[in-house]
Amino acid sequence: MGLKYAGLVIGSLPEPLQTASLSLLELQQSELKDAIEKINGGQWHAIILCIEQPLKEAQMTLGMLRQDTQIADTPLICLTSDNSVEDTIALFNSGADDVIPTNTPSEEFIARINKAIINLIANRQLKSQLQFTHDVAMSAMTDSGDMGVNINFLLDSAECNNFDELGQRLFQALNNYDVRCSLQIRGRFEEKNMEPNGLSRDLESRLLRHFQDAGRLHSAGRRLFINFDQVSLLVKNMPLGDEKRCGRLRDNLFYLVQGMDSRVKALDDRRTTELQMEILKQLTSKAERVLEDIDKRYADVADKIISATENAAEQMVFALNTLGLSEDQEYSIMSIIDNAIFTTNDIFHQGLRVNPGDRQLIQKISEIMKLPPEKLNRALEQFSLE
């Protein structure tokens, strides 16, 4: 015995037809008053309505059965003793899939039931395939749309110059996913907590800080924490009843957070470079002031040493007059003194000529620091060649 189909008989099926049906159907009997409850209690391949009431009541019964969504595609087969064309058409118009006279031979009766069931199975398979094709197409369209949202965010994020602009651009992208989120950016110089309105909430901020080391993805009921180095995102309304949508959300939101983290690092690097340049400018300016001070003090020391040397020479000349030395001895000593004075002055003048060269270098560095970014590369090349 092969596989049998589930059949529901409403009313009384003639004995010959009922016996013949057992080869094809697992029959269950029901009275009209209990039909709806019986229908909702199982999955049926065929429903046989044995019409014993007047035509109008039979039409009402068919209409009532057709309104039940549980059996929207299930064959409704009417078994009637009235073979008139008018009644048959009326039953078809009321929702019957087939109208079979009670005096139909058993073999034909079974064949017509079997054909109705085969059509049901084929239609359900076709509907399933169409639904699958529709789902695949919708999934592809959704994925394509999500990819466009992500690409636009990555392109636009490159134009953001601070965390506020970057955060607002992310929330604009998140609007396409119909999710409610909180954002935390942990930069090197500041921490930024944001809601879609640009402000922050204390509870969400503390949760994001607490779960920042809980892994790339951390679920807590409908909440999902997405972490990537310096950026954390809290999704508050994950659609847990739709696993496919949850999976797409996890993937796409993670890509957004990852892309945002790259831009955060770039902004931090730019800020670091700006601070380094500012420090170099201040150091250069301070070096100029130090050199000026060194020049003044060096000149003062040189003047004092030269004055002391010349004063010592004058005292030695005066002392020579009292020593009773010969003229040659005096000339020799005076030559030594004059040479010492000349050598001392020459050494200090050489030092004064070195200091301007150092000053020019500092001045050039200062000028380079003031150049716009687009001219720095050319200035560096020239600086390296000198």
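I started with the sheet: five strands, open, antiparallel, in the order β7-β6-β10-β9-β8. Strands here are DSSP E runs of at least two residues, helices are H or I runs of at least four, and both are numbered from the N terminus. Two strands count as paired if DSSP finds at least two bridges between them.

I checked the edges. β7 (191–194) and β8 (217–220) each have a single partner strand, so one side of each lacks a neighbour in the sheet. Neighbouring strands are turned by 10 degrees against each other on average, direction ignored.

This is a predicted model: local features need pLDDT of at least 70, side-chain atom pairs need 80 or more, and totals for chains, interfaces and linings use all residues. Numbering runs from 1 along each chain as its sequence is written, and side-chain values use heavy atoms, without hydrogens or water.

Next I looked at β6 (residues 181–186). It pairs with β7 in the antiparallel sense over four bridges. Q184 stands opposite N193 in β7.

Then I turned to the helices. α6 (residues 163–174) lies across β6, β7 and β10 (231–235), at about 35 degrees to β7. Angles run from 0 to 180 degrees between N-to-C directions of axes fitted to C-alpha atoms, for helices over the stretch in contact.

Last, I looked up the core. The largest nonpolar core has 31 residues, and L174, L233, V235 and M260 have the most contacts inside it. Such a core joins buried Ala, Val, Leu, Ile, Met, Phe, Trp, Tyr and Cys residues through side-chain atoms within 4.5 Å; buried means under 20% relative accessible area with a 1.4 Å probe, protein chains only. Its largest share, nine residues, comes from α8.

Methods. Contact = heavy atoms within 4.5 Å. Buried < 20%, exposed > 50% of the residue type's maximum accessible area, 1.4 Å probe, protein only.
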